[in-house]
Amino acid sequence: MSIAVVLMAYGSPSRIADVPAYYADIRGGRPIKPEHLEDLVARYRRLGIEDANPLNEITEATRAALEGELGLPVFTGMRHWTPRIADAAEQALAGGADTIVGLVLAPHYSTLSIEKYRAQLEDAIGSRADLRFVERWGDEPGFVALLAGRLVFQKHKHVVFTAHSLPARILDEGDPYRDELLETARLVAEMAGVEDWSFSFQSESPTGEPWLGPDILDHLDDLAAHGVEEVFLCPIGFVADHLEIRWDLDVEAAEKARELGIRLDRIVLPNADPAFVRTLAGLVRRASAVPSMS
Ligand code: FEC
């Protein structure tokens, strides 16, 4: 068996000039309001992304570390930017892989998230290799322990676990996303000994339909109204510093907290931390040991 890994992430534009094409890819051909594009360009610009984007470098560092840990070829595939998931699959096949492990750098399953990554990878591979796809890993002990370790000294504060919101209709469709997120939050809080915690969504997109809430900005209002003065954020649906962390939390939520008189801080994200990379390696090893279904 010749194994290769396709490590998938959301992707981020390489430079500011790529933002319109990147946003068009996210929208999948649906119309984009000019003011939404302008706002997105402004957000990337405020993060200092002009001719290079350090956000994708974190994924590359994670890829390289995972390759070193596993001793197997690992290729990065982005859902909305380059290198594409299909490019990564081609590289894996060109290197002679007959078994490809697909792993997404997002722990919780949703038809609107993980399933889209899977579809791109499946389409790219076709019947040319055996695909072992890791569908979810939000309750993976190494991941839970890593997050819990970053909370143990913060447990006297009110901890808010966060994750990317999705359109609320997923609940009617029986999607497990929210339940999986709440389970991760519960496991991490329990392991860290955090008793005072809540969960909130973040990063809702202006698509014109209702999204899952509460949104972090409303949630901070609510916490302030209940007299909470110190909040520690623990994103559990993201594993790296990217726009949704560095803008939505570090700028928007931080500004809101200042207005409300709340002291706000957050965990350091896993990024390419060796303990996190070992957890990812464990997921790959387990998936590649599973007998093929085909
Ligand atoms: O750092 C970066 O440059 C990229 C950060 C980024 C991550 C991310 C993760 C998730 N998203 C998820 C769902 C949606 C849905 C829509 C949507 C829209 C955007 C836009 C940007 C964006 N997302 Fe994202 N997402 C990131 C960035 N996301 C930019 C478009 C403008 C905006 O809303 O600000 C709505 C699509 C539509 O219009 O129809 C749905 C989910 C995740 C977490 C899982 C994952 O990482 O894949 C779910 C990182």
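This is a predicted model: local features need pLDDT of at least 70, side-chain atom pairs count only at pLDDT 80 or more; totals for chains, interfaces and linings use all residues.
These legends walk through several close-up views of the structure shown above.

Residues are numbered from 1 along each chain as its sequence is written, and side-chain values use heavy atoms, with hydrogens and water left out.

**View 1. The sheet that contains β1 is open and has 4 strands.** Its order is β2-β1-β3-β4, with parallel pairing. Strands (E, at least two residues) and helices (H or I, at least four) are DSSP runs, numbered from the N terminus, and two strands pair if DSSP finds at least two bridges between them. β2 and β4 (130-133) stand at the edges with a single partner strand each, so one side of each lacks a neighbour in the sheet. From one strand to the next, the twist averages 25°; axes are lines fitted to C-alpha atoms, for helices over the stretch in contact, and angles run from 0 to 180 degrees between N-to-C directions. β1 and β3 (residues 99-104) pair in the parallel sense over 6 bridges, and here you will find Val-6 opposite Gly-102 in β3. Helix α3 (residues 54-70) packs on this sheet and touches β1 and β2 (contact means heavy atoms within 4.5 Å), with its direction at about 155° to that of β2. Helix α12 (residues 274-289) lies across β1, β3 and β4 and runs at about 140° to β3.

**View 2. Another open sheet of 4 strands has the order β6-β5-β7-β8.** Its pairing is parallel. The edge positions belong to β6 (197-202) and β8 (263-266), each with a single partner strand, so one side of each is left without a neighbour in the sheet. The twist averages 30° from one strand to the next. 5 bridges join β5 (residues 158-164) to β7 (residues 230-235), and Val-159 has Phe-232 of β7 as its bridge partner. Helix α11 (residues 248-260) packs on the sheet, touching β5, β6, β7 and β8, and its direction makes about 165° with that of β8. Helix α9 (residues 216-225) lies across β5, β6, β7 and β8 as well, running at about 145° to β6.

**View 3. Tyr-10 is the single protein donor to the iron atom of the ligand.** Its OH is 2.5 Å away from the iron; donors are N, O and S atoms within 2.8 Å of the metal (3.2 Å for Na, K and Ca), and water is not among the atoms, so sites may look incomplete. Tyr-10 is found in the loop between β1 (3-9) and α1 (19-27).

**View 4. The ligand is surrounded by 26 residues.** A residue is near the ligand if one of its heavy atoms lies within 4 Å of it, and the closest are Tyr-10, Ser-12, Tyr-44, Tyr-117 and Ser-205. Polar contacts are pairs of N or O atoms within 3.5 Å. An N or O atom in the side chain of His-164 is 3.1 Å from a ligand nitrogen. The largest share of the shell, 4 residues, comes from α1.

Terms used
A polar contact is a pair of N or O atoms within 3.5 Å; within protein, one must be able to donate a hydrogen and the other to accept it, and residues adjacent in sequence count only if both atoms are side-chain atoms.
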